[in-house]
Amino acid sequence: MRSETVKAGRAKKRRGEFALIMDSARSRLKEVDFPLLTVTLLLAFYGLIMVFSASYYFSISENGNPFYYLIRDGIWVALGLVLMCLGAMIDYRKLEGRRLILGILLVCFLLLIIVLTPLGSEANDATRWIKLGPITIMPGEIAKMGMIFFVSWFYASDTKRIDSFVRGMLPVLAVMAVFALLIIKQPNLSTAITLCGIVVVMMLVAGMRWIYLGGVTALGIVGIVALILIKGGYWLERFTTFTHPFDYEATSGYQIVQGLQALGSGGLFGVGLGKSVTKSLYLPYPHNDFILAIIGEETGYIGVLLLIVLYTVFIWRGVRIALNCPDQFGMLMASGTVIMVAIQVVLNLAVVTSSMPATGVNLPFVSYGGNALMMFMLMSGIMLNISRNMPKKPKKRKEESDESDNDRRRYRGSYIPGGGHSR
């Protein structure tokens, strides 16, 4: 009898602890930016659906299993949710430590070095991955997050640094250049351009002078053009193909042409989810960088427009969090995340519509790729944490609200000296 009583007491205690945990989770959920949380989850699960739809025939052809990429992407989404929850729960101000930031930067640098050694994994004439059994690490994606951390800490630790070119801008540009050159060496020009774009815009947000922005941008454009001309090969082909892709349909313009045909055949409402013809081994790797073409074919102009609306809401809420953040570190962290998402969305849309040379830029939260998805989810979690710590507007006490309402009713229609006559 006594043992049953003890067991019942323990069970009641466990229920009580679980209830406390759930109450704490609910209270924290109320404090975060709910629209940002909602749109992040919608993008992640929408991506999961579209990856399955886009990869169905490719997965059968490559692995004999139509669910291969769905299962893997589902695992990445689950891990991403865990990272997002961790990012939302851990106070972002604890990430501002000098040792932690420099440690993250060092890890990113070492990964970028390791991928160029025999430990790097090669595919499609590029060495961008490090394989550790079933786990694949893409250092370029991690480097983008590392630079956001570093730039945020660097300018938050001394807000006047940005006023000096030598003390405030040169160190950041030097680290950016080292990372970019190591990424280009893989080769992965698109990720290097994205990383540089994130850093430069973050420096502008931190207070960089416009004249410096013009100089850095001009230098970057000249460097990219010179690199393409010197490197030649498929980089130069991509640069010259995008203006007339149908003239190179059998060679370098094949992927662009297939993407444009998919978008065009979708029309206003699309051919229907899962009914794409282009994904049936016409478009190479349809679940990766060109997944927007499949989205356009299956869901039409309306589906693409709704996806752009989701990204717009994400960017809007991120900008709002950055503007209302009480400290420089949080403001720059939120800004860097928004800039990263915005740049990749714009570049991906431009590539798929042949508005710029084809580059391997994935569509945030939607394209297949575990490293990128988990980094986006983690940074979204940190933004949610920043939103939790924003100063809250003081609520009016009920008595004050009632008194204000009574005053308005009392003086409605009365003559107020200097305020005009009654109605």
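Q: Which helix gives the most to the nonpolar patch?
A: Helix H4 (residues 98-114) does, with five residues; helices (H or I, at least four residues) and strands (E, at least two) are DSSP runs, numbered from the N terminus. The model is predicted, so local features need pLDDT of at least 70 and side-chain atom pairs count only at pLDDT 80 or more, while totals for chains, interfaces and linings use all residues. Residues are numbered from 1 along each chain as its sequence is written, and side-chain values use heavy atoms, with hydrogens and water left out.

Q: What makes up the nonpolar patch on the surface?
A: The patch consists of Leu106, Phe109, Leu110, Ile113, Ile114, Leu119 and Val178, which together have about 570 Å² of accessible area. Members of a patch have over 30% relative accessible area and no salt bridge; nonpolar side chains (Val, Leu, Ile, Met, Phe, Trp, Tyr) are joined within 5 Å, like charges within 9 Å. Areas come from the Shrake-Rupley method with a 1.4 Å probe, and for residues only the protein chains shown count as cover.

Q: Why is Phe109 called partly exposed?
A: Phe109, in helix H4, has a relative accessible area of 31%. Buried means under 20%, exposed over 50%, and partly exposed in between (1.4 Å probe, protein chains only), so Phe109 is partly exposed.

Q: What makes the contact of Arg317 and Asp33 a salt bridge?
A: The side chains of Arg317 and Asp33 meet at 2.9 Å, N to O. A salt bridge needs a side-chain nitrogen of Lys or Arg within 4 Å of a carboxyl oxygen of Asp or Glu, so the pair qualifies. The pair links distant parts of the chain, 284 residues apart: Arg317 is in helix H11 (residues 291-324), and Asp33 is in the loop between helix H1 (2-31) and helix H2 (34-63). Asp33, Arg317 and Arg320 are linked in a network of salt bridges, and the structure holds six salt bridges.

Q: Are Arg317 and Asp33 buried or exposed?
A: Arg317 has a relative accessible area of 9%, so it is buried. Asp33 also counts as buried, at 5%.

Q: How far apart are the closest N and O atoms of Glu141 and Lys144?
A: They are 2.9 Å apart, and the two residues form a salt bridge. Glu141 and Lys144 both lie in helix H5 (residues 139-156), three residues apart, about one turn of the helix. Both Glu141 and Lys144 are buried.

Q: Why is Asp158 called partly exposed?
A: Asp158 counts as partly exposed because its relative accessibility is 25%. Asp158 forms a salt bridge with Arg167, with 3.1 Å between the closest N and O atoms. Arg167 is likewise partly exposed, at 43%.

Q: How do you know that S1 and S2 pair?
A: Two strands pair if DSSP finds at least two bridges between them. Strand S1 (residues 120-123) and strand S2 (residues 126-132) have four, in the antiparallel sense, so they pair. Glu122 stands opposite Thr127 in S2. S1 and S2 form a hairpin with two residues between them, and Asn124 in the turn has a positive phi of about 55 degrees.

Q: How many bridges join S2 to strand S3?
A: Three bridges join S2 to strand S3 (residues 135-137), and the strands run antiparallel. Ile130 has Ile137 in S3 as its bridge partner. S2 and S3 form a hairpin with two residues between them; Gly133 in the turn has a positive phi of about 65 degrees.
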